[in-house]
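Here is a short walk through one protein chain. Keep the model in view while you read.

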Amino acid sequence: MNKRERELYKKKLLERKQELNHKLSEFYSESKEVETGIVQDLGDEAESSYTREFLLSLSDTERKQVASIDKALKRVETADFGICESCGVNIGKKRLNVVPWAPLCIACQQKEEEEAS
Ligand SMILES: [Zn+2]
């Protein structure tokens with residue numbers, strides 16, 4: 001995959017990340033409205049517990065996505081992007097267009113899901 005293509009996927013990844021971050025900021029403002037005055041001076045500790053709560057409030061899929069997107073954003077800077085982490089084949093553009101943060105090809109993904117269930 002050339003650099004230009006990777007730039008396109010990077011854009012997609014950042015867009016998705018922004019969507020999830022948007023959800024995060026909504027969550028933050030809601031929680032802070034409720035808890036204003038109670039946890040004001042807790043600083044970092046409060047922040048990280050908000051983050052934890054936020055992650056818990058996400059669906060499993062979204063939670064995995066946050067992690068996968070972060071990983072993919074690192075990979076997209078390198079030639080490894082678009083290559084299956086498990087077997088090393090090209091993941092394929094069709095799949096990447098739908099799931100740009102996919103670390104595995106379809107075959108490995110299915111295998112992993114079967115093993116998990
Ligand atoms: Zn694979």
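**From the whole chain to single residues**

Begin with contacts along the chain. Take those in the protein chain with a separation of 6 or more: residues 24 or more positions apart account for 56% of them. This model is predicted.

What elements does the chain hold? The protein chain has 5 helices and 0 strands. Read along the sequence, the pattern is α-α-α-α-α. Of the 117 residues, 13% count as buried.

Next comes confidence. The average pLDDT of the protein chain is 83. A score of at least 70 is reached by 78% of the residues. Which element has the lowest mean pLDDT, and which the highest? Helix 2, residues 44-57, has the lowest, at 65. Helix 4, residues 93-98, has the highest, at 94. Where pLDDT is low, the predicted coordinates should not be read in detail.

Now look for the core. In soluble globular proteins, nonpolar side chains tend to be buried together. Here the largest nonpolar core has 11 residues. Its members are Tyr9, Leu13, Ala72, Val76, Phe81, Cys84, Ile91, Leu96, Trp101, Leu104 and Cys105.

Which residues does Trp101 contact, leaving aside neighbours within four places in sequence? They are Leu13, Gln65, Ser68, Ile69 and Ala72. Leu13 and Ala72 are also listed in the largest nonpolar core.

Step to Pro100. Pro100 sits in the loop between helix 4 and helix 5, residues 106-116. Is Pro100 buried or exposed? Pro100 counts as buried because it has 25 C-beta neighbours inside 10 Å, and the cut-off for buried is 20 or more. Not counting residues up to four places away in sequence, Pro100 touches Tyr9, Lys12, Leu13 and Ala72. Take Lys12 from that list. Pro100 and Lys12 are 88 residues apart in sequence, yet their C-alpha atoms are 7.1 Å apart in space.

Two arginines come next. Arg6 belongs to helix 1, residues 3-35. Arg6 has 17 other C-beta atoms within 10 Å, so it is partly exposed. Leaving aside neighbours within four places in sequence, Arg6 is in contact with Met1, Val76 and Phe81. Val76 and Phe81 are members of the largest nonpolar core. The C-alpha atoms of Arg6 and Leu73 are separated by 10.0 Å, and the two residues are 67 residues apart along the chain.

Arg63 lies in helix 3, residues 60-75. Why does Arg63 count as partly exposed? Arg63 counts as partly exposed because it has 15 C-beta neighbours inside 10 Å. Arg63 and Leu20 are 43 residues apart in sequence. From C-alpha to C-alpha, Arg63 and Leu20 are 9.5 Å apart in space.

Terms used
Residues are numbered from 1 along each chain as its sequence is written. This is a predicted model: local features need pLDDT of at least 70, side-chain atom pairs count only at pLDDT 80 or more; totals for chains, interfaces and linings use all residues. Helices (H or I, at least four residues) and strands (E, at least two) are DSSP runs, numbered from the N terminus. A residue is buried if 20 or more other C-beta atoms lie within 10 Å of its own, exposed if 12 or fewer, and partly exposed in between; C-beta atoms are placed from the backbone. Two residues are in contact if their C-beta atoms, placed from the backbone, lie within 7 Å. pLDDT is the predictor's confidence in each residue, from 0 to 100. A nonpolar core is a set of buried Ala, Val, Leu, Ile, Met, Phe, Trp, Tyr and Cys residues joined through C-beta atoms within 7 Å.
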